[in-house]
Amino acid sequence: VMDLIEIIGNKPLEGKIKISGSKNASLPIMIASLLTKEKVEIDNIPNLSDVSTLIDLMKSLGADIELDQSLKFKRKISFTTREILHSEASYDLVRKMRASFWVLAPLIVRYGEAKVSLPGGCAIGIRPIDFYLSILKKMGVKLDLKEGYVHASIKNRLKSLNFSLDFPSVGVTHFFLMMASLADGKSIIKNAAREPEVVALADMLNKMGAKITGHGTSTISIDGVGNLNGAKFSIPPDRIEAGTFAIAVSVTGGNISLDGVNPNEILLLSNLLQQSGTKITTSKNQMKIKKDNHIINSIDISTAPYPGFPTDLQAQFMTLMALGNGKSYIKENIFENRFMHVQELARFGANIKLKGDTALIKGVKEFNSAPVMATDLRASASLIIAALSAKGKSTIRRIYHLDRGFDKIENKLKSCGAKIERKRD
Ligand code: EPZ
């Protein structure tokens, strides 16, 4: 049996939503805790299946993990890895969640050896690992690719490295920061990713005693240190979750306040939503989003590395544009196959044509309800938003995708008046 979500749509959203900690900051920061013997305490970790998957993997590698139940609203988890006991990340885990691949960094640094499954393809694209392999080799790691696994080993300390990325990959930048922090000498990464999650990881590593400068810009310098120490860290808010709710209100109409957000991290989205006809006011940790009419102006967008439009909000923004008053183009520049939601949006009555990396959207007046199926994490959010605006009852199946990355989404929407229920199929 699998869960499904049932939504009776065509109701404005009204209320307050507390934004959870960032999934994509939590994952690398949890993995970074494996770099030290000492205790690392992290709070504001969201309650997601990707987090549980990583906890299982980290336990299997030797981490002692404790969830502090005393804090009601901020999940605090402590991680202590006195010793790495096991050096394998299996196909089952890496296939489930590609971020598991990053454990290769702490395994090599502390154990001198690792066997990590090659991630393989995924719903949104091919997602190669060539940059990772090239960094490993250049830092002196011996590599052997066989039977679907990367077998890595090193005898001495990692060599420092001056590396220039062909594309500002988020994951590769995370990986480089972890490796270079414990390498012998000064490393530099050019054309580095500038995403807030990279900044968060670098801040965390610096708290652990690393010497990283330039994070948040395209050139990051890392002075390798002998070892890292324990630290306390609080996960920053999830900008993708915040953006998703901001888009949802822009589609359904209504008035919501997002609490505990960093408005600076979704500046571009805010500007685009305003152009589309949504009213947004921001203060330090809050955004108020108001949509009080039915006119959505069509706008063209193109996804890009930060501070450009995030690929993780592309599907949700497409739902909005599918109800626009004209034509719009959405170009996906990060992943080559991140359009699985198009066919499902069509079931609600959307008019979208795909041509290579671009979707041409002709806005329709309204959506009809429909049964649909989620295909990946962010695509599921785009379907939830569509169902919230459709008249009548829609069902969304395969919502395990949703649970990977959205913390209590149906409760949050329910508290804003949405008619949304999780049911057994
Ligand atoms: C991170 O994935 C996020 N995942 C993704 O979020 C996000 O969509 C993506 O960054 C882009 O912002 C996590 O943080 C856990 P990349 P990542 O390496 O690091 C190419 C979500 O929905 N590339 O920045 O894996 C790659 O193919 C997820 O929460 C190579 O060519 O993405 C892609 O075209 C989905 N060779 C581009 O770089 C490599 O060795 C950017 O991907 C590595 C990457």
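Analyst: Here we go through some terms one by one, each with its cut-off. This is a predicted model, in which local features need pLDDT of at least 70 and side-chain atom pairs count only at pLDDT 80 or more, while totals for chains, interfaces and linings use all residues. Residues are numbered from 1 along each chain as its sequence is written, and side-chain values use heavy atoms, with hydrogens and water left out.

User: Why is E147 called exposed?

Analyst: Exposed means over 50% relative accessible area, buried means under 20%, and partly exposed lies in between, using a 1.4 Å probe and protein chains only. E147 has 75%, so it is exposed. You will find E147 in the loop between β8 (142-146) and β9. Strands such as these are DSSP runs of E with at least two residues, helices are runs of H or I with at least four, and both are numbered from the N terminus.

User: And what makes N10 partly exposed?

Analyst: Its relative accessibility is 45%, so N10 counts as partly exposed. N10 sits in the loop between β1 and β2 (13-18).

User: How do you know which residues form a nonpolar core?

Analyst: A nonpolar core is a set of buried Ala, Val, Leu, Ile, Met, Phe, Trp, Tyr and Cys residues joined through side-chain atoms within 4.5 Å. The largest one here has 81 residues, and L104 and L205 touch the most other members. Helix α6 (residues 170-181) gives the largest share, seven residues. Apart from this core lies another of 66 residues, among them F245, V251, I266 and L413.

User: Which residues does L205 touch?

Analyst: Contact means heavy atoms within 4.5 Å. Leaving out residues up to four places away in sequence, L205 touches A32, L35, L177, M178, S181, A210, I212 and L228.

User: What makes α8 and α10 roughly parallel?

Analyst: Axes are lines fitted to C-alpha atoms, for helices over the stretch in contact, and angles run from 0 to 180 degrees between N-to-C directions. The axes of α8 (residues 239-252) and α10 (residues 314-321) come within 9 Å and cross at roughly 10 degrees. That makes α8 roughly parallel to α10, as angles under 35 degrees count as roughly parallel, over 145 as roughly antiparallel, 65 to 115 as roughly perpendicular and the rest as oblique.

User: Which residues of α8 and α10 meet?

Analyst: I240, T244, I247, S250 and V251 in α8 meet Q316, F317 and L320 in α10.

User: How do you know that β1 and β23 pair?

Analyst: Two strands pair if DSSP finds at least two bridges between them. Strand β1 (residues 3-8) and strand β23 (residues 393-397) share four bridges and pair in the antiparallel sense. E6, for instance, stands opposite T395 in β23. Six bridges join β1 to β24, also running antiparallel.

User: Why are β22 and β24 said to stand at the edges?

Analyst: The open sheet has four strands in the order β22-β23-β1-β24. β22 (371-373) and β24 (419-424) each have a single partner strand, so one side of each is left without a neighbour in the sheet.
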